[in-house]
Amino acid sequence: MTPEQIAAVLNTIPMELSFIDENNINRYFNDGEKLFKRPDMAIDRDVFSCHPPKVEVMVRQIIDSFRSGAENSVDVWMNKGGQPVLVRYMAVRDDSGKFLGTLECVQKMKFAEDHFINA
């Protein structure tokens, strides 16, 4: 795939994607509407500088658990702006299991609530 195709695919996925490298540096945010603001100036900066202190502790714990190999994914459910939201953190590893970073996926879940509860 070309870089243009990869970017288009990532921007087509109906969720917010962020990649934080193995050194806790923000490296990528996909384009599109965001529930959680991600200014371009956050790229190449420490991920913890982008979170309020209360959330920073949780983010540190999650990334540390990925780095140690204790976990490979963590789901955080919340209500944001009156709608259910799933934030899924996933360890990104190479073929040998080496930790390369963290992928954060934020997805509005109202469509699922409507489908399963209100159907």
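These legends walk through several close-up views of one predicted model. Local features are given where pLDDT is at least 70 and side-chain atom pairs at pLDDT 80 or more, while totals for chains, interfaces and linings use all residues. Residue numbers start from 1 along each chain as its sequence is written, and side-chain values use heavy atoms, with hydrogens and water left out.

**View 1. Five strands make an open antiparallel sheet.**
Follow the strands across the sheet and you will meet them in the order E2-E1-E5-E4-E3, with antiparallel pairing. Strand E2 (26–29) and strand E3 (73–80) stand at the edges with a single partner strand each, so one side of each has no neighbour in the sheet. From one strand to the next, the twist averages 20 degrees. Helix H2 (residues 53–68) packs on this sheet and touches E3, strand E4 (83–93) and E5. The direction of helix H2 makes about 35 degrees with that of E4. Some terms for this view: strands (E, at least two residues) and helices (H or I, at least four) are DSSP runs numbered from the N terminus. Two strands pair if DSSP finds at least two bridges between them. Contact means heavy atoms within 4.5 Å. Axes are lines fitted to C-alpha atoms, for helices over the stretch in contact, and angles run from 0 to 180 degrees between N-to-C directions.

**View 2**
Strand E1 (residues 16–21) and strand E5 (residues 99–108) pair in the antiparallel sense over six bridges. Five of the six residues of E1 are buried, so E1 is largely enclosed by the rest of the structure. Here, buried means under 20% relative accessible area, exposed means over 50%, and partly exposed lies in between (1.4 Å probe, protein chains only).

**View 2. Asn26 is a buried residue of strand E2.**
Asn26 lies in strand E2 and counts as buried, because its relative accessibility is 3%. Leaving aside residues up to four places away in sequence, Asn26 touches Phe19, Ile20, Ala42, Ile43, Asp44, Arg45, Asp46, Val47 and Cys50.

Arg27 meets Asp21 in one of them (2.8 Å, N to O). Arg27 is partly exposed at 39% relative accessible area, whereas Asp21 is buried at 8%. The side chain of Arg27 also forms a salt bridge with Asp44 (2.6 Å, N to O). That pair links distant parts of the chain, with Arg27 in strand E2 and Asp44 in the loop between E2 and H2, 17 residues apart.

The side chains of Arg60 and Glu56 meet at 2.9 Å, N to O. These two residues are four apart in helix H2, so about one helical turn separates them. Arg60 is partly exposed, with 37% relative accessible area, and Glu56 counts as partly exposed too, at 21%.

**View 3. Met1, Ile6, Val9 and Ile13 form a nonpolar surface patch.**
Together these four residues have about 360 Å² of accessible area, from the Shrake-Rupley method with a 1.4 Å probe and, for residues, only the protein chains shown as cover. Patches are made of residues with over 30% relative accessible area and no salt bridge; nonpolar side chains (Val, Leu, Ile, Met, Phe, Trp, Tyr) are joined within 5 Å, and like charges within 9 Å. Val9 lies in helix H1 (residues 3–12) and is partly exposed at 42% relative accessible area. Ile13 lies in the loop between H1 and E1 and is partly exposed at 32%. The C-alpha atoms of Ile13 and Asn30 are separated by 9.1 Å, with the two residues 17 apart along the chain.
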